[in-house]
Amino acid sequence: MNTKAIAVLAFAGAAVLSAAAGGCQKTQSSTEVVMDSEGSMATVASTGDDNLRAGALLWSQNCARCHNLRNPRERSDRQWDIIVHHMRVRGNLTAEEHRLILAFLQASN
Amino acid sequence: MDNGMTTFHASRFGLLALILLFVTGPVPVLVALQEADDDAPLTRREFEKFLEDYRQFQGEYRQVKQENESLRQELAELKAGISDASAVDSAASAASMELRLDQFASQQRKSILEDMREELRDVTEPLMPGLLNFALGGTGVVTYQDRDGVDSTFGAVFAPILMWKPTDRILVETQIEFGLSGEDTEVGLSQFQVSYLLNDYVTIGAGKFLTPFGNFWERWHPAWVNKLPVMPLVYERGLIGETGLGVQARGGFGIGDSKFNYAAYYVNGPNFRDSSISSAGKLGFNNFRDNNNNKAFGGRIGYLPIPELELGYSFLTGRVGSSGSSSSGVDMFAHGIDFSYAREFQAIKGRLDLRAEAVWTDTDRVVFTGPFDPFTFDNKRNGWFVQAAYRPTLSSFMLGEGIELKNMEFVARYDQLRESGPGTRGADHNQMTLGLDYWIRPNIVWKAAYMRDDVRGDKDSDGFVMQFAFGL
């Protein structure tokens, strides 16, 4: 078996295992929020809403891994709906990350 | 008649007694009964009725008394609260009250605006069904470069992305790139993809999409995301193409505290170049009309053990030779690994961003023939880069009026590329790039970089590059 076949089979096996384990989805929440200088967390902190806090955390973790965090006030609810959908596809966000990040951005704009 | 009058008087008196009992309580009423009409005889029935009324009123009296005591207690607590509040510093109390009033007013205003917006939306949406659910993204960039061996020049590219979401599950993305080349303006379809959210774990898509190989093309290549004004050598020199034309499936999911993401795609794939010595053996990725019936298959899987760290493995394989040509049986295989880590640290008062990728490509060996002497070589092209960036996001130091240190980012990248080829074309190419960015906004940046180039067997191309970039 050559290198190509091994790599393809390894990838396919990993994909199958990953898909089989897909039902164990869980939100990541093990690190502290990392903020840019936009100050959006002040809004979240005052709401006391656990989902919004989770959304803010996921927003800072996932989005800031590639680029600076954009101010939630830059976009309307409808625009965030489209853009977070776009980033779910581009950045392979999970469904839960999609929902929570969108809820946070729409509550903070 | 007398007996009837007595009964009448007794009834009137009983009514009065009831009122008095409510007002003053049962005991004084009984005393009043005795004092007012001591001589009037009571029948047993009247007495029993009075006794029954008395017991009923006594119960009600106790209930009222309990309520009264409860109210007295609440009043005492309120008084104590007012007393405590008055002991608080009056300025702080006033500020607190003002803040609460502001919050209340803000909530009210927001609520009213939300209602108005809903009403407005209900009225306007039916009037413009074709104009809704659009958003604009993309990037624009102006670059100046001055490198050894080539004339210095400015360049500009504007590449907006139009996103349309007709339903909750469908997203259409189109990126048009407007660029300048020579004396002409170039317009190209950089991306066009329709994607459908099949379920929580799978999104399928079709069209011309960014290649899910490594991290650079999909996530880091937009000018306002790429921290340097130049691309890594492995991508600049075309080891892996920017886009693929075909279909893909992708998604992400968590397992415990870690997370996986994946992408698998089936595309036209690259084509094999064999028409000239300079390009012999290289791959072209603008294969919009496939040169054979065999499609390329690729994929990437990413693993995030913690949210800040991602490790990925990618591959791409397929037949690249053109049907009916001498190279029709030529296959290629590429694979790579990628790494990214980004986190803010209090100890260094800033954010550290580390990115690295390595790519290996292997194309079948062929004998090239043409208006030149036949030749062959082991067709491998490999490369890697490591990039580190630091931005003192937690610093409050001012470099000058309106110039904050926290908006500066220091970047360094080392690239290496190994290409085999005929004669002297094969190259060992090393590049060190040092960059300094200034972020005007999170999506607007000035970048400056100096590159130290080292190409074995060829002229180096050291140089200076400046770039202004923004993300829409």
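## A tour of chains A and B

Select B:Y235 to begin. This residue is buried, because its relative accessible area is 3%. Buried here means under 20% relative accessible area, with over 50% called exposed and partly exposed in between, using a 1.4 Å probe and protein chains only.

Before you move on, some ground rules. This is a predicted model, in which local features need pLDDT of at least 70 and side-chain atom pairs count only at pLDDT 80 or more, while totals for chains, interfaces and linings use all residues. Residues are numbered from 1 along each chain as its sequence is written, chains are lettered from A and ligands numbered from 1 in the order in which they are written, and side-chain values use heavy atoms, leaving out hydrogens and water.

**Stop one: where the chains meet**

Show both chains. In contact (heavy atoms within 4.5 Å) are 52 residues of chain A and 73 residues of chain B. About 5400 Å² is buried between chain A and chain B, and carbon and sulfur atoms give 52% of that. Buried area is the accessible area (1.4 Å probe) that two parts lose on being put together, summed over both.

Now look for charges. Six salt bridges run between chain A and chain B. The term covers a side-chain nitrogen of Lys or Arg within 4 Å of a carboxyl oxygen of Asp or Glu. Pick B:K259 and A:E97: their closest N and O atoms are 2.8 Å apart in a salt bridge.

Which helices of chain A supply at least two residues each to the side that touches chain B? Select α1 (3-20), α3 (50-63), α4 (77-91) and α5 (95-108) of chain A. Helices (H or I, at least four residues) and strands (E, at least two) are DSSP runs, numbered from the N terminus. α4(A) gives the largest share, twelve residues.

**Stop two: aromatic pairs**

Over all chains, the structure holds 19 aromatic pairs. Select B:F209 and B:Y265, an edge-to-face pair at 6.5 Å centre to centre, with 80 degrees between the planes. Rings of Phe, Tyr and Trp (its six-membered ring) pair if their centres lie within 6.5 Å; planes under 30 degrees apart are stacked, over 60 edge-to-face, and the rest tilted. B:F209 sits in strand β5 (residues 203-210) of chain B and B:Y265 in strand β7 (residues 258-267) of chain B, 56 residues apart. Both B:F209 and B:Y265 are buried.

B:W217 belongs to helix α5 (residues 216-220) of chain B, and B:Y235 to helix α6 (residues 233-236) of chain B. B:W217 is buried at 4% relative accessibility.

Next, highlight B:F253, B:F260, B:Y262 and B:Y303. They form one aromatic cluster.

**Stop three: salt bridges**

The total over all chains is 26 salt bridges. Select B:E218 and B:R250, whose closest N and O atoms are 2.6 Å apart. B:E218 lies in helix α5 of chain B and B:R250 in strand β6 (residues 243-255) of chain B, so the pair ties together parts 32 residues apart in sequence.

Then pick B:E409 and B:K227, another salt bridge, at 3.2 Å between the closest N and O atoms. B:E409 is in strand β19 (residues 408-419) of chain B; B:K227 is in the loop between α5 and α6 of chain B, 182 residues apart. Both B:E409 and B:K227 are buried.
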